[in-house]
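Try each task before reading its solution.

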Amino acid sequence: MKFLFDMLPVILFFGMYKYGESNQEWAHGIVTNQLGFLISGAVPASQSPILLATVVTILATVLQIAYLLARRRKVDGMLWLSLGVVVVAGGATIYFHDDTFIKWKPTILYWAFGAALLLAHLIYRKNLMRSALGAAMNLPEAVWTRVLYAWIAFFVALGLLNLLMAFVVFSNDTGAWVSFKLFGITGILFAFIVIQSLFLSKHIQEDA
């Protein structure tokens, strides 16, 4: 459930884009009539689906945080960071009706996650991966360090992969990038978690 909750903005982004792409006249009417005050200049009909999807993503992230606050639950720092990035990048995409900004959003977010892990380790001598998972498993210190650097490298690589897909492979096909953002990145993340779990299970058995 938490995974689905965290993925909700991405799923809604995909769903709204695909619906707007299939109903471009409707999407263009909504963007022009209801969102025109947020946009600089005239919007080409082809840009309407990505603008609608961006608006939905911003609203979904805001509602996620509002829901957690209303339930008096802790809002994860990464969710606050995600809100800040999506508001800035998404806001620029809407105002300039240019999908370049929202395409940068995943990369900025992944690199910010990686930077947070690295800076916490170098400056505060704190391994955030151990802080997150340490209660569930007992591992040697050297293994926790390897896990930390593996996630840092993974976030850096994922950010680069997003740029490659957004601006090289699918530079002329925003719809294909939107699909990759949901299915491709989610699949890669799931595969990495499985590999990490296998690696950790080996060391847990040795440590037991």
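**Exercise 1. Describe the overall fold.**

Task: Find how many helices and strands the chain has, and how they follow one another.

Solution. Step one is the count: the chain holds 8 helices and 0 strands. Helices (H or I, at least four residues) and strands (E, at least two) are DSSP runs, numbered from the N terminus. Step two is the order, which reads α-α-α-α-α-α-α-α from the N terminus on. Before going further, keep in mind that this is a predicted model, in which local features need pLDDT of at least 70 and side-chain atom pairs count only at pLDDT 80 or more, while totals for chains, interfaces and linings use all residues. Residues are numbered from 1 along each chain as its sequence is written, and side-chain values use heavy atoms, with hydrogens and water left out.

Step three is the extent: the C-alpha trace spans about 60 × 40 × 30 Å along its principal axes. Step four looks at burial, and 41% of the 208 residues count as buried. Here buried means under 20% relative accessible area, exposed means over 50%, and partly exposed is in between (1.4 Å probe, protein chains only). Step five turns to contacts (heavy atoms within 4.5 Å). Among those with a separation of 6 or more, 67% join residues 24 or more positions apart.

**Exercise 2. Find the salt bridges.**

Task: Search the whole structure for salt bridges, then say where the partners of each one lie and how accessible they are.

Solution. Start from the criterion: a side-chain nitrogen of Lys or Arg within 4 Å of a carboxyl oxygen of Asp or Glu. The search gives 3 salt bridges.

- Lys18 pairs with Glu21, with the closest N and O atoms 3.7 Å apart. The two are 3 residues apart in helix H1 (residues 2–22), so about one helical turn separates them. Lys18 is partly exposed at 23% relative accessibility, and Glu21 is partly exposed at 35%.
- Asp99 meets Lys103 at 3.8 Å, N to O. Asp99 is buried, because its relative accessible area is 11%. Lys103 is buried too, with a value of 3%.
- Glu141 pairs with Arg130, and their closest N and O atoms are 2.2 Å apart. Glu141 lies in helix H7 (residues 141–169) and Arg130 in helix H6 (residues 128–133), so this pair ties together parts that are 11 residues apart in sequence. Glu141 counts as partly exposed at 43%, and Arg130 counts as partly exposed at 30%.

**Exercise 3. Inspect Lys105.**

Task: Is Lys105 buried or exposed, and which residues does Lys105 touch beyond four places away in sequence?

Solution. Locate Lys105 in helix H5. At 9% relative accessibility, Lys105 is buried. Leaving out residues up to four places away in sequence, Lys105 touches Ser82, Val85, Val86 and Ala89. For Ser82, the separation from Lys105 is 23 residues in sequence and 8.9 Å in space, C-alpha to C-alpha.

**Exercise 4. Check two backbone angles.**

Task: Where in the chain do His97 and Arg125 lie, and what is phi near for His97 and for Arg125?

Solution. Begin with the background: most residues other than glycine have a negative phi. His97 has a positive phi, near 40°, and lies in the loop between helix H4 (77–96) and H5. Arg125 also has a positive phi, near 55°, and belongs to the loop between H5 and H6. To finish, Arg125 counts as exposed at 66% relative accessibility.
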